Amino acid sequence: MTTWLRTIQLSVKNLLLHPLRSALTVLGILIGVASVIWLLAIGEGIGQKAQEQIASLGAQNIIVRTIKPSSDEVADGGYGLTRNDYVCLVATVPTIDEAFPIRVLSQEFRFKTRHFEGRLVGCTPGYAEVTALKQDQGRFITDADLDGERNYCVLAAESAVKLFPGGDAVGKKIMIDKEFYVVVGVMVSRAPSAGIGGSLAAEDYSRDVYVPITTLWRRIGDMTIVTKPGQFQRDIQEISQITLRVDQPSHVLQTADIIRNTLAQSHTLADFGVTVPLELIEQANTTRLMFILFLGMIAAVSLVVGGIGIMNIMLATVTERTHEIGIRRALGAKRGDITRQFLAESTVLSVAGGMLGILCGLACRPLSALIRSALERWFPVHMESLPDLIRTVQPVVVNWSIPLAFTISILVGIFFGVYPALRAASLDPIEALRHE
Amino acid sequence: MADPLTMLGQADFSARVQDMHKDYVLGGETVRALRGVTFDVPTGDYISIMGSSGSGKSTLLNLLGCLDRPTSGRFLLGGDDVSRFSDDELAEIRAKRIGFVFQSYNLLPALSVLENIEVPLYYSGRRTPRARRQCLELAEKVGLGDRLDHRPAQLSGGQQQRVAIARSLVNDPRFILADEPTGNLDSTTTCEILELLGGLSSEGRTIILVTHEHDVAEQTQRTIVLRDGKILSDERRR
């Protein structure tokens with residue numbers, strides 16, 4: 001133990017004889033180690049963000065949506081999910097705990113002279129919970145509203161601001177499709193949910209108005225007519241989307257298959273889609289692992305480069321100190337002593353690089369924020385065009401990356417130090433003494 | 001163990017060289033540096049080895065110093081046949097039983113006087129507080145007690161050689177080998193160094209010293225002259 005301490009002490013002393021050279025070698029390892037931690041942290045940050053987005057859909061949920069088929073396929077009878085589908089699924093699939101159907105359509109909302117175009121969402125009381133909407137004022141739709149098919153509505157925060165800039169929306173009557181609805185609540189503003197691949201569109205909740213789905217069915221009906229210049233389009237659809245909650249996470253995948261089969265029997269058109277967040281989470285996991293592996297390989301390359309730096313410097317040192325090696329051998333140093341001394345020096349270099357690299361790695365959050373703000377100031381246009389995920393990603397230092405990076409740095413020091421050290425030890429003492 | 005010579009060696013001789021040969025291969029040609037050298041070194045002897053360059057004296061000193069193994073023949077040191085020892089075993093002999101003094105001092109430039117004296121302790125495994133106190137005493141003994149923190153470059157040649165002598169004594173070896181220890185020194189300093197070596201001899205240490213100078217050789221008890229890898233003469237002075 002003390003032998004090692006002395007060896008390390010001696011190594012540090014020898015390395016300090018050439019401070020710049022040692023510092024540059026340490027820098028090589030530092031960059032390698034820091035990049036391992038950084039790249040893993042960035043990978044993890046992106047992964048976690050994707051995971052969060054998917055998890056916000058609920059791992060225990062299955063989402064069934066109406067998809068509009070190409071227009072020539074649509075018969076007069078409409079398309080998409082029907083009230084029958086809903087009843088059928090809830091009645092026949094035992095693993096479904098709850099189901100939350102919604103019907104979404106574009107509408108104009110009015111209050112006195114103010115008006116705006118937004119999303120009318122017919123929903124059930126569970127909708128707020130499923131989409132993680134929070135109540136700000138008043139209340140959300142209740143079962144009583146649903147059963148009574150009442151003309152009650154709840155406004156999204158932004159919708160409330162549009163119609164009631166002075167606030168105090170609750171209790172007022174707004175007009176939707178020629179009928180009055182009493183505002184019973186206002187929700188807290190919610191960030192739009194991102195779309196996930198091609199399987200789920202992004203959803204913007206800011207222009208929403210929520211009404212009981214039964215009221216929507218009764219008052220507005222299934223048919224909407226879209227008129228554009230030179231075009232008149234009829235659209236019949238009963239349910240836009242059903243969010244189904246499965247009783248156990250382990251049943252999700254099976255249930256999804258059952259739902260696909262059940263719906264396929266009653267639908268001749270390809271007018272529905274089934275999204276399973278759990279599948280997406282697993283996909284995202286695989287993607288993330290591949291991403292981390294890829295970044296890890298890049299980082300490994302920089303570590304190898306750092307290691308080659310160590311080897312280079314150690315080989316130069318051995319040549320430079322051949323005479324010293326001869327003296328030490330004459331004074332009784334065994335080959336092992338010489339090997340140990342040079343190995344200790346390369347290891348000290350790499351450990352120093354490793355520790356400083358870890359410090360830099362841990363600073364990656366504030367540093368990346370700094371870099372991002374600098375980039376935003378200097379290249380605002382380029383930054384704007386980057387995808388959201390990249391622009392807002394927060395690196396998350398992966399716990400295991402620190403011991404990993406440190407271990408790798410020690411191994412790099414040993415691996416790239418072994419050859420120079422063995423070369424030093426294999427020098428003939430007499431030859432080495434004569435050197436210089 | 002059964003070898004009677006070995007038993008005898010332990011009893012009577014500090015070292016014994018028996019028909020030692022050493023060949024080198026240099027550029028495809030074999031150079032016969034030593035061609036059968038035999039002599040005994042009784043404990044406490046003070047020997048100078050002389051000879052023109054190429055006579056084999058450096059080769060002999062390397063073999064006596066256990067830096068190399070003879071091609072044939074035997075070298076018995078305190079009863080051990082060192083010529084059969086492995087590399088590590090030789091290193092251990094060098095660390096524990098032999099002290100080296102070189103012509104060019106061979107101090108480590110990055111270390112202070114005291115640290116230079118301490119170097120052999122690393123390899124003999126005796127780096128105890130007591131051994132380190134002895135290093136201080138040795139520095140005093142060679143007259144450098146007030147320069148412990150100096151680097152070799154800050155010292156004169158004579159001072160450097162005194163550091164080297166102190167270093168050679170650290171592990172208290174019975175056997176001291178000096179390769180032209182005064183070769184780089186002026187006459188006054190040469191006298192000082194020879195005095196120091198003479199003192200070590202009178203302490204009962206065996207000293208073998210290679211030199212070119214007759215003045216230096218005259219300070220020793222016995223002179224062996226080599227020529228062409230063989231002993232030309234072996235004379236005892238007093």
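Colleague: Which residue of strand 8 of chain B does Ser48(B) stand opposite?

Modeller: Leu209(B). Bear in mind that this is a predicted model.

Colleague: How do strand 3 and strand 8 of chain B run there, parallel or antiparallel?

Modeller: Parallel, and four bridges join strand 3 to strand 8 in chain B.

Colleague: And how many bridges join strand 7 to strand 8 of chain B?

Modeller: Five, and those strands also run parallel. In that pairing, Phe175(B) stands opposite Thr206(B) of strand 8.

Colleague: Is strand 8 of chain B buried or exposed?

Modeller: Buried. Five of the five residues of strand 8 of chain B are buried, so the strand is largely enclosed by the rest of the structure.

Colleague: Which way do its residues point?

Modeller: Thr206(B), Ile208(B) and Val210(B) point one way from strand 8 of chain B, while Ile207(B) and Leu209(B) point the other way. In a regular strand, side chains alternate between the two faces of the sheet.

Colleague: What is the strand order in the open sheet of chain B?

Modeller: The order is 6-7-8-3-9-10, six strands with mixed pairing. Strand 6 (98–101) and strand 10 (230–236) of chain B stand at the edges with a single partner strand each, so one side of each has no neighbour in the sheet. From one strand to the next, the twist averages 15°.

Colleague: In what sense do strand 3 and strand 9 of chain B pair?

Modeller: In the parallel sense, over four bridges. Strand 3 covers residues 46–50 and strand 9 covers residues 222–227 of chain B. Ile47(B) stands opposite Arg222(B) of strand 9.

Colleague: What does helix 2 of chain B lie across?

Modeller: Strands 3, 7, 8 and 9 of chain B. Helix 2 (residues 57–64) runs at about 150° to strand 8 of chain B.

Colleague: New topic. At what angle do helix 4 and helix 6 of chain B pack?

Modeller: About 35°, with their axes 7 Å apart. Helix 4 of chain B passes helix 6 of chain B in a right-handed crossing. The contact residues divide into six nonpolar, one polar and one charged.

Colleague: Over to chain A. Where is Ile46(A)?

Modeller: In helix 2 (residues 19–55) of chain A. Ile46(A) counts as buried because it has 22 C-beta neighbours inside 10 Å.

Colleague: How far apart are the centres of domain 1 and domain 2 of chain A?

Modeller: 55 Å, taken over C-alpha atoms. Domain 1 is 2–54 + 283–434 and domain 2 is 68–270 of chain A, by the domain assignment.

Note on methods. Residues numbered from 1 in each chain as written. Chains lettered and ligands numbered in written order. Predicted model: local features only at pLDDT ≥ 70, side-chain atom pairs only at ≥ 80, totals over all residues. Domains from an automatic or database assignment. Pairing = 2+ DSSP bridges. Helix = DSSP H or I, 4+ residues; strand = E, 2+ residues; numbered from the N terminus. Axes fitted to C-alpha atoms, helices over the stretch in contact; angles between N-to-C directions. Contact = placed C-beta atoms within 7 Å. Buried ≥ 20, exposed ≤ 12 C-beta atoms within 10 Å, placed from the backbone. Left-handed = near helix turned anticlockwise from the far one by under 90°. Nonpolar A, V, L, I, M, F, W, Y, C, P; charged D, E, K, R; others polar.
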